[in-house]
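Here is a short briefing to read alongside the structure.

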Amino acid sequence: MNINISRTSGEMAQRAAACAAQAINRTIAQNGEARILLSTGESQIEAIRYLTEMEVEWDKVVMFHLDEYINLAETHKASFRKYLKERFIQVVNPKKAYLVNGEGNVEENIATLTEELEKAPIDVALVGIGENAHIAFNDPPADFETDKAYIIVNLDQTCKQQQVNEGWFGSLDEVPVQAISMTVPQILKSRTIVTIVPGIRKSDAIQKTLSAETVTNLVPATILKTHPDWNLFLDGDSASKAIPQV
């Protein structure tokens, strides 16, 4: 576990993007291509913007992402497909982008995506941590045992409230009750994980994650501490309860 603490969220995002870009470039140099995994949400916006500005051969990069709401139109401002198309795909034009589709035949969509995902490992994964310490949409108690790549999950109240607080929805009633989420075991198969967690609202989750003596699915992010190459980027606010001297 490598922990990097910045005083501001902007500095944190830039450092995290540089870390991810370095890992992507290293993989391209070794394999001729890199497969990456992106997360979304308010906390990732700055880091993704900095990442798109890095010197990377994007035409050698294949992109996957973590999750998407079920039965939410791509035109909705909260759609993660819309988010990634506007902030990443249309900016850098990667070699290929595989998007999680929560509309239509969801099981068929998952099967198609899983087939593509399992062709080769993810080299670099950007994975955030939610206010309830979820990773992707794996809310507590998260499933640490599934052998599936993506599953359908029910969103808990804390997770739904976070989406409202971040301005993606006007009220709790507007937030979809279910989503497609990459599973915890699948995330852990990524060779390098870069986690970007800004803001005071995430300080409890970071404190619980770092202080937990054992891995627990009640604090899903604790599983990341078992990964051989986990890089955690915090700002002064998100680190404030776990590392008070910041």
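This is a predicted model: local features need pLDDT of at least 70, side-chain atom pairs count only at pLDDT 80 or more; totals for chains, interfaces and linings use all residues.

The UniProt record, an unreviewed entry, lists residues 9-225 as "domain: Glucosamine/galactosamine-6-phosphate isomerase". In the model, that span is 36% helix and 16% strand, and its end C-alpha atoms lie 22 Å apart.

- Seven strands with parallel pairing make up an open sheet, and their order is 1-10-9-6-2-3-5.
- Strand 1 (2-6) and strand 5 (96-98) are at the edges with a single partner strand each, so one side of each has no neighbour in the sheet.
- On average, neighbouring strands of this sheet are turned by 15° against each other, direction ignored.
- Strand 1 and strand 10 (residues 230-235) run parallel and are joined by five bridges; within this pair, I3 stands opposite L232 of strand 10.

- Helix 7 (residues 203-211) lies across strand 1, strand 9 (192-197) and strand 10, and runs at about 140° to strand 10.

- Another open sheet has three strands in the order 4-8-7, and here the pairing is antiparallel.
- Its edge strands are strand 4 (67-69) and strand 7 (150-154), each pairing on one side only.
- From one strand to the next, the twist averages 20°.
- Strand 7 and strand 8 (residues 178-182) run antiparallel with five bridges between them, and N154 stands opposite Q178 in strand 8.
- Helix 4 (residues 106-117) lies across strand 7 and strand 8, at about 140° to strand 7.

**Pocket and cavity**

- Rolling a probe the size of a water molecule over the atoms shows where empty space is left.
- The largest pocket has a volume of about 210 Å³.
- Which residues lie nearest the centre of the largest pocket? They are E42, S43, P198, G199 and R201, out of 15 lining residues.
- Helix 1 (9-31) and helix 2 (45-52) each contribute at least two residues to the lining of the largest pocket.
- By class, the lining of the largest pocket holds six nonpolar, three polar and six charged residues.
- There is one cavity of 30 Å³ or more, and the largest cavity has a volume of about 210 Å³.
- The largest cavity is lined by 19 residues, with T40, G41, H134, A136 and Q162 the closest to its centre.
- The lining of the largest cavity divides into five nonpolar, ten polar and four charged residues.

**Backbone details to look at**

- Most residues other than glycine have a negative phi, and most peptide bonds are trans.
- N71 is not a glycine, yet has a positive phi of about 60°. N71 is found in the loop between strand 4 and helix 3 (80-92).
- The peptide bond that joins P140 and P141 is cis, with omega about -5°. P141 has its place in the loop between strand 6 (124-126) and strand 7.

Key:
Residues are numbered from 1 along each chain as its sequence is written. Side-chain values use heavy atoms; hydrogens and water are left out. UniProt positions are given in the numbering used here, feature names are shortened, and annotations may be inferred rather than shown by experiment. Helices (H or I, at least four residues) and strands (E, at least two) are DSSP runs, numbered from the N terminus. Two strands pair if DSSP finds at least two bridges between them. Axes are lines fitted to C-alpha atoms, for helices over the stretch in contact, and angles run from 0 to 180 degrees between N-to-C directions. Contact means heavy atoms within 4.5 Å. On a 1 Å grid over the protein atoms alone, a cavity is a set of points where a 1.4 Å probe fits but cannot get out, and a pocket is an open set with protein on both sides within 12 Å along at least five of seven lines; lining residues have an atom within 4 Å of a point. Grid points are joined across faces, edges and corners, and a volume is the space filled by probe spheres set on the points. Ala, Val, Leu, Ile, Met, Phe, Trp, Tyr, Cys and Pro count as nonpolar, Asp, Glu, Lys and Arg as charged, and the others, Gly among them, as polar.
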